[in-house]
Amino acid sequence: LVLDTYELLPGDCFDDAAVEVSDDGDAVTVTTVSCDDPHDNEVVALYEFPEGPYPGDQAVFDELDVVCPAAWPDYVGISYEDSLLFYFYFYPTAETWAAGDRLAICMAYDGDLEPLVGSVFMSGR
């Protein structure tokens, strides 16, 4: 299923190669796969930044470096520090923020870069 990146929800799984990127480097669409099949990533949380001026790239990264690991206990079932999974995120840029984008998407992947098989939801991984 091809989704706009803003349509991704926790529990959606996809491969790195299935992310289509625009000319300016923003992720635009993602083709999701069944989490039962081997996959690279799983969405674990969504985060909406508050209204206001764009805080700058580093402030966005700093906030997501707190928000994404904090999602681990409720989604993965253990703390980020105890997990074998790592996180990355899609985030609003200055350009997308100016168009009203405030959505960040936290995703999990295997720390050894091995494919995930099955959902990481409450997996204790």
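Visitor: In which strand is Thr32 found?

Guide: In this predicted model, Thr32 belongs to strand 3, which spans residues 27-33.

Visitor: Is Thr32 buried or exposed?

Guide: The term buried applies under 20% relative accessible area. Thr32 has a value of 14%, so Thr32 is buried. Beyond its neighbours within four places in sequence, Thr32 is in contact with Leu1, Leu3, Leu8, Asp12, Cys13 and Phe14.

Visitor: Where is the place of Gly111?

Guide: Gly111 sits in the segment that comes after strand 6 (103-110). With a relative accessible area of 21%, Gly111 is partly exposed. Setting aside neighbours within four places in sequence, Gly111 contacts Leu84, Leu85 and Phe86. From Gly111 to Thr32 the C-alpha distance is 21 Å, and 79 residues separate the two in sequence.

Visitor: How many aromatic pairs does the structure hold?

Guide: There are 15 aromatic pairs. One of them joins Phe88 and Tyr109 edge-to-face, at 6.0 Å centre to centre with 65° between the planes. Phe88 lies in strand 5 (residues 85-90) and Tyr109 in strand 6, so this pair ties together parts 21 residues apart in sequence. Phe88 itself is partly exposed, at 24% relative accessible area.

Visitor: What aromatic pair do Tyr89 and Tyr91 form?

Guide: Tyr89 and Tyr91 are also edge-to-face, with 5.9 Å between centres and 80° between planes. Tyr89 is buried at 16%, whereas Tyr91 is partly exposed at 33%. Both belong to a cluster linked by ring pairs, together with Phe61, Trp72, Tyr80 and Tyr87.

Terms used
Residues are numbered from 1 along each chain as its sequence is written. This is a predicted model: local features need pLDDT of at least 70, side-chain atom pairs count only at pLDDT 80 or more; totals for chains, interfaces and linings use all residues. Side-chain values use heavy atoms; hydrogens and water are left out. Helices (H or I, at least four residues) and strands (E, at least two) are DSSP runs, numbered from the N terminus. Buried means under 20% relative accessible area, exposed over 50%, partly exposed in between (1.4 Å probe, protein chains only). Contact means heavy atoms within 4.5 Å. Rings of Phe, Tyr and Trp (its six-membered ring) pair if their centres lie within 6.5 Å; planes under 30 degrees apart count as stacked, over 60 as edge-to-face and the rest as tilted.
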